[in-house]
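Let's take a walk through this structure together. Have the sequence and the 3D view ready, and follow along as we go.

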Amino acid sequence: MHYDATGRNHGLKFDPFKALAVPRPIGWIATVDRNGVPNLAPYSFFNAVSDRPPVVLFASGGHKDSLRNIEDNGEFTCSLATYDLRDQMNMSSATVAPGVDEFALAGLTPAASTYVKPPRVAQSPAAFECRHWKTLEMPRPADGKGEPFIVVFGLVVGIYIDDAFIKDGIVDTPSMKPLARLGYMDYSVLTPETVFSLNRPITTEDGRSAKLVSGPWDGVYR
Ligand SMILES: Cc1cc2nc3c(=O)[nH]c(=O)nc-3n(C[C@H](O)[C@H](O)[C@H](O)COP(=O)(O)O)c2cc1C
């Protein structure tokens, strides 16, 4: 099949778009409201878009609490959503009233951040502390249905890593078992068994070809 995506004319049971943009990392976004009450919610329209400086983004379908809090005070954290925390992550997505603390709702502990006010999820093995950089409103959908998405960019100003996951100077990400969002209500999980490495091709001196060198990575991103 091949269809006009602007009109969403897929003819399938459900819109397949999100089942094809996979796997998506989950940014578990924590903010604080004007009264200092913490807010927590998962966002899978989330990714890193630069590492110098480190920048992440997430997209909110309309004005949700996380976005409103960031507009108010310019700070958020994103904790790593892991397989062991999948039920708590899911519970924190409940559409509860503004001012309801989803840390408490999901049975999670807020841990104080170092560089920003919003806490991180204490049970999560890693978290970014972010300052709002820019907000970008996506185009309205052609069918006019639903509020447009709003993308929030955050400069990562602090990074927490549980030392138990650092081995020989390398972060053992697969052992953290990060969750990945698929389409529908489906998820996947990164584990040590599913990881493989590929060395980047090294360009020849004349710039017209490239070769692959096997063996351990030489530490250069090409
Ligand atoms: C795994 C997962 C990923 C989600 N990703 C998004 C997303 O990218 N954008 C969005 O607007 N809502 C997303 N949601 C729904 C929000 O988490 C939900 O609307 C939540 O109540 C928003 O909370 P807030 O109003 O406290 O920000 C996701 C839900 C789940 C379970």
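What follows starts with the whole chain, moves to the strands and ends at the ligand.

First, some housekeeping: this is a predicted model, so local features need pLDDT of at least 70 and side-chain atom pairs count only at pLDDT 80 or more, while totals for chains, interfaces and linings use all residues. Residues are numbered from 1 along each chain as its sequence is written.

The protein chain holds 5 helices and 16 strands. Both are DSSP runs numbered from the N terminus: helices are H or I with at least four residues, strands are E with at least two.

Now zoom in on strand 2, residues 27–32. Here 6 of the 6 residues are buried, so the strand is largely enclosed by the rest of the structure. Gly 27, Ile 29 and Thr 31 point one way, while Trp 28, Ala 30 and Val 32 point the other.

Who are the partners of strand 2? It runs antiparallel to strand 3, joined by 6 bridges, and strands count as paired if DSSP finds at least two bridges between them. Val 32 has Pro 38 in strand 3 as its bridge partner. In the hairpin these two strands make, 5 residues sit between the strands, and Gly 36 takes a positive phi near 85°. Strand 2 also runs antiparallel to strand 6 (residues 75–80), with 4 bridges, and Ala 30 stands opposite Thr 77 there.

Elsewhere, an open sheet of 3 strands has the order 1-13-14, with antiparallel pairing. Strand 1 (24–25) and strand 14 (187–189) are at the edges with a single partner strand each, so one side of each has no neighbour in the sheet. Strand 13 (residues 179–181) pairs with strand 14 over 3 bridges, and Leu 179 has Val 189 as its bridge partner.

Finally, the ligand. It is surrounded by 17 residues, and the closest are Ala 41, Phe 45, Lys 64, Asp 65 and Ser 66; a residue is near if its C-beta atom, placed from the backbone, lies within 6 Å. Strand 3 (38–43), strand 5 (54–61) and helix 2 (65–73) each supply at least two residues of this shell. Strand 3 gives the most, with 4 residues.

Key. A residue is buried if 20 or more other C-beta atoms lie within 10 Å of its own, exposed if 12 or fewer, and partly exposed in between; C-beta atoms are placed from the backbone.
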